[in-house]
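Please follow the chain through its sheet, the helices packed on that sheet, and the nonpolar cores.

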Amino acid sequence: MARIWVDADACPVAIKEILFRAAERTGTEMTLVANQPVRVPPSRYIKSLQVTSGFDVADNEIVQRSGDGDLIITSDIPLAAEVIEKGAEALSPRGERHTKANIRARLNMRDFMDTMRSSGMHTGGPPPLNQADRKAFADQLDRWLAKQKRAAGG
């Protein structure tokens, strides 16, 4: 059975709450991976894994533990690219699916924006998560969960 892995250090609380309800409702195993303690509700399906601090330690742990068909929740484009290579699926907290078809373009845009910032240009951050983002995320999560249920013969 596929699992959900959450890059929890930067995952918005509203998205974690959607994930908690979905994991409990569907009996899907989910692990939140972070450099600091993460509160999770008491559940047989939901766990947290605290890793040591350091650059990409949580990302590396997710890559190492994730497998074919798993769903990774992350806004980290390089992490999404790595898990997609392993056969996992990646979804941003804004409901954007990262796929083999679009990940290269997203990596290129990320690198371009990094270059702009390092040259002194102020590019601003992403806008705050809004209701449309939460709905887009929940819809994509429901699609993935429904696909898992069909694959399990349910």
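Thr 31 stands opposite Lys 47, a residue of strand 3, in a model that is predicted. Strand 2 and strand 3 pair in the parallel sense, and five bridges join them. In general, the strands of a sheet pair through backbone hydrogen bonds, in either a parallel or an antiparallel sense. The sheet here is open and has six strands in the order 3-2-1-4-5-6, with mixed pairing. At its edges lie strand 3 (46-50) and strand 6 (97-98), each of which pairs on one side only.

Helix 2, residues 57-65, lies across strand 1, strand 2, strand 3 and strand 4, and runs at about 170 degrees to strand 1. Helix 5 packs on the sheet as well, where it touches strand 1, strand 4, strand 5 (89-91) and strand 6, while its direction makes about 160 degrees with that of strand 5.

The largest nonpolar core has 24 residues, of which Ile 4, Val 6, Leu 19, Met 30, Ile 73 and Leu 141 touch the most other members. Two or more residues of this core come from each of strand 1 (4-7), helix 1 (13-26), strand 2 (30-34), strand 4 (71-73) and helix 5 (131-151), and helix 1 gives the most, with six residues. Leu 141 shows such contacts in detail: leaving aside residues up to four places away in sequence, Leu 141 touches Ile 4, Ile 18, Leu 19, Ala 22, Leu 71 and Leu 91.

Definitions and conventions. Residues numbered from 1 in each chain as written. Predicted model: local features only at pLDDT ≥ 70, side-chain atom pairs only at ≥ 80, totals over all residues. Heavy atoms only, no water. Core = buried A, V, L, I, M, F, W, Y, C linked by side-chain atoms within 4.5 Å. Buried < 20%, exposed > 50% of the residue type's maximum accessible area, 1.4 Å probe, protein only. Helix = DSSP H or I, 4+ residues; strand = E, 2+ residues; numbered from the N terminus. Contact = heavy atoms within 4.5 Å. Pairing = 2+ DSSP bridges. Axes fitted to C-alpha atoms, helices over the stretch in contact; angles between N-to-C directions.
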